[in-house]
Amino acid sequence: MDARTIIESLTGKFPEAVSEAGIDSQVRIRAYVDREKAKEVCQYLKDSLQFDHLCSVCGVDYPQRNELEAVYHIASFEHPVVLMLKARLPRDSPEIESVVPVYWNANWYERETYELFGIFFRNHPNLKALVLPEDMIGEWPLRKDYEGFPNRTARNLV
Amino acid sequence: MEEMLEPNEMIIHLGPQHPMQPGPFRLNLKLKGETIMDAEVEMGYIHKGIEKILENRTYLQGITIVDRICYLVALTNEECYVGCVEKLLDLEPPERAQYIRVIVEELSRLQSHLLGLGEYGEFIGFVSMFMYTIKEREDILTLIDMVTGARITHSYLRFGGVRADLPDGFKEKAIPILNNLKKAINDYEEMFNSDTIYRERTIGIGVLSADDAKSLGVSGPVLRATGVPYDIRKVEPYLVYKDLDFKVCTETAGDCFARVQVRLNEMRESIHIIEQCLDMIPNGPIFPEGTPYGRRTPVMRVPAGEVFHRVEDPRGEMGMYMVSDGSDKPYRVKVKGPYYPTLQALPPLIIGTTVADMVSIAGSMDGCTSEVDR
């Protein structure tokens with residue numbers, strides 16, 4: 001299965017939910033997905049397009065656009081194409097449906113994205129801190145406006 | 001994990017410090033007798049915030065930081081990071097530099113597997129194995145030290161090349177060490193195969209089927225031990241791997257024994273790759289000519305864009321997602337380590353086994369907690 005077939009199949013199946021689909025190279029394709037449809041699209045990718053391997057889930061903060069992006073990298077054991085699927089989320093209420101029912105190993109990736117960026121994954125089986133201490137929830141340290149060292153440390157000392 | 005326990009049930013916290021563990025993480029086990037009823041992993045004891053640190057350092061400084069993701073595989077981490085930046089810059093290292101990179105990365109794979117084998121022997125009560133493998137690993141580290149100037153954290157790769165050329169007499173020094181290692185690998189295999197206790201503790205323990213392994217998202221030797229020939233060096237060749245002759249080692253049993261066997265065979269393949277590289281390496285520059293990139297690239301701005309680059313780490317598929325906004329620092333770097341999904345798959349694998357088997361299963365994953373926490 002090559003990059004063009006995958007893109008055509010995906011945009012054909014979800015003409016409204018999937019936008020800005022493009023081919024970066026033979027093995028890299030990208031698309032934006034509507035945040036309400038992310039799980040459905042993932043289910044289709046897994047069932048029909050052999051994308052059976054979730055590489056990673058991560059967040060990126062774009063304060064100028066007042067947006068957070070949830071980025072999924074999905075690969076396959078059958079073909080070499082890696083799909084970068086992104087969802088735009090408003091910065092004040094970043095919520096998206098969890099893909100754990102589709103890809104089992106999204107569990108930790110989503111927990112980590114939640115604690116570092118504050119992206120809330122709906123219907124996640126166990127959404128709590130993974131690498132950070134519980135009391136750091138709410139600080140979202142990987143957002144660009146996080147003060148961090150040395151400001152925060154200094155204030156704590158006083 | 002449920003708070004209410006039935007009679008005969010108890011909760012045991014293994015870790016954060018335990019000889020079985022590759023680094024600090026806590027394993028909460030709910031036991032009934034000696035059977036594990038439920039398991040949960042708690043992470044975060046060595047979270048270093050590497051992704052945030054990278055956002056506040058220039059690209060060149062980042063090379064030193066990614067070394068520290070996991071010191072055992074520092075060179076593969078560098079390859080992944082440098083590969084990302086090279087893709088953004090549309091820069092290709094000259095052939096000699098690519099061969100040198102393959103040589104040092106395969107040496108790094110050898111030393112990582114050697115330490116992994118030795119530690120595994122130690123976990124399951126075969127302590128002398130550690131003494132055997134650490135001796136050979138020291139020789140490999142000497143070779144890496146010769147090229148990079150450091151034993152574990154090298155900062156050796158540069159954008160478009162490597163920091164220094166191979167030293168004089170490297171090949172003459174490397175060949176006997178590799179030949180010696182070949183004999184040693186045969187010895188290890190015989191030692192493992194003839195040891196009754198080792199066989200009892202590994203054959204049929206921690207069996208993972210190919211479908212389960214795929215759905216759990218594991219990669220590397222753990223996946224290949226189930227019979228799936230998935231290796232990024234073949235799937236998505238980087239550097240000169242497409243010109244080199246090597247095969248993807250697989251086993252079909254999917255148990256702890258098969259995982260160790262895959263690592264032993266992979267070490268043989270690595271030696272084969274290094275020997276080919278030493279024969280085939282061309283003369284020439286180690287940085288692309290006509291570009292400003294070199295050993296001391298001062299301030300470097302990287303064109304805006306985003307890239308996802310994958311390499312084959314000794315533990316599996318390693319990826320980095322890098323977003324650049326055109327400045328001299330990366331806007332965002334996501335490090336996707338290979339052991340992260342493997343450790344996540346540990347609880348479903350150990351539920352229903354005993355505590356003693358759990359040590360054998362967790363050890364056979366050959367982990368690095370530092371890379372999971374980052």
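**Reading a two-chain predicted model**

Tutor: Start with one residue. Pro24(B) is partly exposed, because 17 other C-beta atoms lie within 10 Å. The cut-offs are 20 or more such atoms within 10 Å for buried, 12 or fewer for exposed, and partly exposed in between, with C-beta atoms placed from the backbone. This is a predicted model, in which local features need pLDDT of at least 70 and side-chain atom pairs count only at pLDDT 80 or more, while totals for chains, interfaces and linings use all residues. Residues are numbered from 1 along each chain as its sequence is written, and chains are lettered from A and ligands numbered from 1 in the order in which they are written.

Student: Where is Pro24(B) found, and which residues does Pro24(B) touch?

Tutor: Pro24(B) sits in the loop that links β1 and β2 of chain B. Helices (H or I, at least four residues) and strands (E, at least two) are DSSP runs, numbered from the N terminus. Touching, or contact, requires backbone-placed C-beta atoms within 7 Å. Beyond four places in sequence, Pro24(B) touches Gly15(B), Pro16(B), Gln17(B), Tyr45(B), Ile46(B) and Thr369(B). Glu269(B) is 245 residues away along the chain, and its C-alpha atom is 32 Å from that of Pro24(B).

Student: How do I read the sheet with β1, β2 and β3 of chain B?

Tutor: Strands of a sheet pair through backbone hydrogen bonds, either parallel or antiparallel. Pairing here needs at least two DSSP bridges between the strands. The sheet is open, has the order β1-β2-β3 (chain B), and pairs antiparallel. β1 (9-14) and β3 (35-42) of chain B each have a single partner strand, so each edge strand has one side without a neighbour in the sheet. From one strand to the next, the twist averages 20°. Axes are lines fitted to C-alpha atoms, for helices over the stretch in contact, and angles between N-to-C directions run from 0 to 180 degrees.

Student: How many bridges join β1(B) to β2 of chain B?

Tutor: Six, linking β1(B) with residues 26-32.

Student: Now chain A. How many helices and strands are there?

Tutor: Four helices and seven strands. From the N terminus they run α-β-β-α-β-β-β-β-α-β-α. The C-alpha atoms fill a box of roughly 60 × 30 × 25 Å along the principal axes. Of the 158 residues in chain A, 42% are buried.

Student: What does β3(A) look like, covered or open?

Tutor: Mostly covered, with nine of its ten residues buried. Nine bridges tie β3(A) to β4(A), running antiparallel. Gly59(A) faces Ala70(A) in β4(A). The hairpin has four residues between its strands, and Asn66(A) takes a positive phi near 55° there.

Student: Which elements of chain A touch chain B?

Tutor: The contact takes 24 residues from chain A and 24 residues from chain B. β3 (53-62), β4 (67-75), β5 (82-90) and α3 (106-117) of chain A give two or more residues each. β3(A) gives the most, with six residues. By class, the chain A side has 17 nonpolar, five polar and two charged residues. Nonpolar covers Ala, Val, Leu, Ile, Met, Phe, Trp, Tyr, Cys and Pro; charged covers Asp, Glu, Lys and Arg; the others, Gly among them, are polar.

Student: Which residues touch the most other members of the largest nonpolar core?

Tutor: A core is a set of buried Ala, Val, Leu, Ile, Met, Phe, Trp, Tyr and Cys residues joined through C-beta atoms within 7 Å. Among its 149 residues, Ile74(A) and Leu83(A) touch the most other members. Helix α4 (residues 95-123) of chain B gives the most to this core, with 13 residues. Beyond four places in sequence, the residues touching Ile74(A) include Leu45(A), Phe51(A) and Leu83(A).

Student: Where does pLDDT stay under 50 in chain A?

Tutor: Over residues 154-158, which have zero contacts beyond four places in sequence. pLDDT is the predictor's confidence in each residue, from 0 to 100. Where it is low, the predicted coordinates should not be read in detail. Chain A averages 85, and 93% of the residues score at least 70.

How values were computed
Two residues are in contact if their C-beta atoms, placed from the backbone, lie within 7 Å.
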